Amino acid sequence: MTMKDPYLDFIDLGYKPSDSDLVCLFRVEPAKGISMKEAIGRIASESSNGTWTSLTTLKPHIRAIRARAFSIKGNYVKIAYPIELFEMGSIPQLLSSVAGNVFGMKALKNLRLEDIEFPKAYIKHFKGPRFGLDGVFDKIFHMKERRPLLAHVPKPKVGMYTAEHAEVAKQAWLGGVDLLKDDENLTSQSFNTFEKRMRLMFKYRDYAEKVTGEKKSYLANITAETNEMIRRAKLVKELGGEYVMVDILTAGWAAVQTIRNTCDDLDLALHAHRAFHAAFTKNPKHGMSMLLVAKLARLVGVDQIHIGTVVGKMEASKEEVLDIDEEITEGKITEHKDVLTEEWGNIKPVLPVSSGGLHPGLVPYVVKLLGKEIAIQAGGGIDGHPDGVKAGATAMRQAIEASLEGIDLDDYAKTHKELAAALKHWGYLKPK
Ligand code: CAP
Ligand code: MG
């Protein structure tokens, strides 16, 4: 007697997702000897409530909430998940379901989770950003005429003593940087402990504000064990900070959701660094898209997130960067290629951060690509300037000014010496 393949019960090409279903888009490559349908049945089964064999314990009410693959187009499959499969408000449980065991199944050569369409019934359990893109410009920087915010990460990324690090920060703020950012792996090391750094940085932040007359802010990297992150966030607030920064993927989604709540208690903005994402987003055939990482971050409620540069040192296609930019800033997304429809409702837009190998010569491209409601970050692109940090910051501000006025950098450099020195040093180099 041939046993009916229980996996095939998770394929229903006539199924129409209900308004409350979550819909996942997967890119599927079956292993050798496995048909597409056998692969798809396994994905829908393992990511909802099936397993490798039929079960004596299965009952109609359990089968009723199974996932169902309802659309197969080439390698792309859409699977609908009844909302009852999920715990409301929990990103860890969502990913343990649709992005958990499935990636390890023998029947799949490659599997990539490209996007998830969340229904209103699911989205309403998440806060979204507290400040969001508009809050950053209006409530933190009080910027009437919006322009790209200039961010800087003091380099070398770790190793400087607190005094050295803070001095670089001071010069950068004086030169025109708006947002000073700790590097992703600078937290609290022996040569630059968190508490000592905070106290000196906010002292210099206040000094730079007084000297320049401009609003200056600091993305303090609080990444650590969760309770310690809460403690660090409280110190940032006590010292007059507006932001905390978290390496969201190495800290983990549960921790980020906790810190999002802490940001409500302390009225702080949350900057999301995405270090570790490329471990599972870079391979176009396997893992999960950075678009979906950014989408989850918007749902949880980060205020700013890195989305790439196209021309800098980190891998990211123009199409991918633009898709992520649209996903985190628009209210409604229409389905195209490997991006699903989405309606964000009251979830605020997130400020896109473009960073990684940027210097003045690349600023016009980034501004043309992403517009002016962004943050542009340069680490080496400021501290590598031949005339030092302050000149490096000024050169970046000059490149932003020229880009907004549509003036060619070489022309603008004729009357702006810091920019001229940067162009002489790096030209229009695209670092690898
Ligand atoms: C950039 C950076 C950022 C990257 C992260 C770094 O420094 O500080 O972490 O931008 O990549 O450590 O490389 P530079 P992404 O400006 O000196 O390159 O923004 O793609 O997440
Ligand atoms: Mg960094």
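# A tour from the ligand outward

Select ligand 1 to begin: ligand 1 sits in the largest pocket. Keep in mind throughout that this is a predicted model.

**Stop 1: the shell around the ligand.** Display the residues around ligand 1; there are 17 of them. Which of them are closest to ligand 1? They are His306, Lys313, Ser355, Gly357 and Gly379.

**Stop 2: polar atoms beside the ligand.** Select lysine 313 and look at its side chain. One of its polar side-chain atoms is 2.7 Å from an oxygen atom of ligand 1. Next select serine 355, where a polar side-chain atom lies 2.5 Å from an oxygen atom of the ligand. Then move to glycine 356. Here a backbone N or O atom lies 3.1 Å from an oxygen atom of ligand 1. How much of the accessible area of ligand 1 does the protein cover? On its own, ligand 1 has 480 Å² of accessible area, and the protein covers 94% of this.

**Stop 3: threonine 309.** Select threonine 309, in the loop between β11 (304–306) and α13 (318–329). Show its side chain together with glycine 312. The side chain of threonine 309 reaches the backbone nitrogen of glycine 312 at a distance of 2.6 Å. Is threonine 309 buried or exposed? Its relative accessible area is 2%, so threonine 309 is buried, the cut-off being under 20%.

**Stop 4: glutamine 304.** Now select glutamine 304, which is found in strand β11. Glutamine 304 counts as buried because its relative accessibility is 0%. Along the chain, glutamine 304 and phenylalanine 131 are 173 residues apart, while their C-alpha atoms are separated by 9.4 Å.

**Stop 5: tryptophan 253.** Select helix α10, residues 253–266, which contains tryptophan 253. Tryptophan 253 has a relative accessibility of 11%, and therefore counts as buried. How far apart in space are tryptophan 253 and alanine 297, C-alpha to C-alpha? The distance is 8.7 Å, and the two residues are 44 apart in sequence.

**Stop 6: a cis peptide bond.** Go to lysine 155 and proline 156 and show the backbone. The peptide bond that joins these two residues is cis, with omega at about 5°. Proline 156 belongs to the loop between β5 (149–152) and α6 (162–175).

**Stop 7: two residues with positive phi.** Select histidine 142, in the loop between α5 (132–140) and β5. Histidine 142 is not a glycine, yet its phi is positive, at about 45°. Is histidine 142 buried or exposed? With a relative accessible area of 53%, histidine 142 is exposed, because the cut-off for that class is over 50%.

Finish at lysine 337. Its place is the loop between β12 (332–333) and β13 (342–343). Lysine 337 is not a glycine either, and has a positive phi of about 40°. The relative accessible area of lysine 337 is 60%, so this residue is exposed.

Definitions and conventions:
Residues numbered from 1 in each chain as written. Chains lettered and ligands numbered in written order. Predicted model: local features only at pLDDT ≥ 70, side-chain atom pairs only at ≥ 80, totals over all residues. Heavy atoms only, no water. Near = heavy atom within 4 Å. Polar contact = N/O pair within 3.5 Å; in protein donor to acceptor, adjacent residues only side chain to side chain. Areas by Shrake-Rupley, 256 points an atom, 1.4 Å probe, with all protein chains shown as cover. 1 Å grid on protein atoms, 1.4 Å probe; cavity = no way out; pocket = protein on both sides within 12 Å on 5 of 7 lines; lining within 4 Å. Sits in = over half its atoms within 2 Å of the grid points. Helix = DSSP H or I, 4+ residues; strand = E, 2+ residues; numbered from the N terminus. Buried < 20%, exposed > 50% of the residue type's maximum accessible area, 1.4 Å probe, protein only.
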